[in-house]
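Let's take a friendly walk through a protein fold together. Have a look at the picture before reading on.

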Amino acid sequence: MFREMRRKKQEIPQEESSEILRTGKTGILGVSGEDGYPYTVPVNYVYLDGKIYFHGAKTGHKMDAIKSCDKVSFCVIEKDDIVPEEMTTYFKSVVVFGRARILETDAEIRQAVKWLGLKYNKDEAFVDSEIEREWNSLSCVEVTIEHMTGKEASELTDMRKAKH
């Protein structure tokens, strides 16, 4: 169903891919947009128990696209170091394919947005007050991961092998 990575030797272990998702700050969400055009948008997110959660407004391009087609991709870049003298980039990233679901109940929305808020701000009282302040316009999406691959620059793979 999902393609195998072409440059298999550059694939990073699933545990490391999960850690990149867990610690990343911003991901790029890809959806099937209007008139067949892909639509990508950066989002803050939280990764828990094999799922990705992010928030947004109740209406707009992103939510319309998810309602139309729940298949999404999501990319997080952990490392993106340009090495001019080698004419290359030392990169490390994760790409996810999954199914998005707009959360519906107040309880699940509140829980997901609290996880999200606490990832970026550890002050629970502040997070709770922001949730209350934004509650009427708040929507939350859960992405269930169906396939995940992590990849790094071949130079990083070589460095990793040299250490072992």
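## Getting started

Helices (H or I, at least four residues) and strands (E, at least two) are DSSP runs, numbered from the N terminus. This is a predicted model, in which local features need pLDDT of at least 70, side-chain atom pairs count only at pLDDT 80 or more, and totals for chains, interfaces and linings use all residues. Residues are numbered from 1 along each chain as its sequence is written, and side-chain values use heavy atoms, with hydrogens and water left out.

## Strand β8 and its partners

Two strands count as paired if DSSP finds at least two bridges between them. β7 and β8 are antiparallel partners over eleven bridges, with Ala100 opposite Val143 in β8. β5 also pairs with β8 in the antiparallel sense, over seven bridges, and here His55 has Cys140 as its bridge partner. Strand β1 (residues 11-12) joins β8 through two bridges, again antiparallel, and Ile12 stands opposite Gly150.

Buried means under 20% relative accessible area, exposed over 50%, and partly exposed in between (1.4 Å probe, protein chains only). Eleven of the 15 residues of β8 are buried, so this strand is largely enclosed by the rest of the structure.

## A look at Ser93

Ser93 lies in strand β7 (residues 88-102). Is Ser93 buried or exposed? Ser93 is buried, with a relative accessible area of 15%.

Contact means heavy atoms within 4.5 Å. Leaving out residues up to four places away in sequence, Ser93 touches several residues, including Ile12, Val76 and Gly150.

## Helix α3

Helix α3 covers residues 106-120. Its buried residues include Ile109, Ala112 and Leu116. Among the elements that cover the buried residues of α3 are β5 (51-57), α4 (124-134) and β8 (138-152).

## The hairpin

Strand β2 (residues 26-32) pairs with β3 in the antiparallel sense over seven bridges, and Gly27 has Val43 as its bridge partner in β3. Five residues lie between the two strands of this hairpin, and Asp35 in the turn has a positive phi of about 55°.

Note on methods
The expected span of a helix is 1.5 Å times one less than its number of residues.
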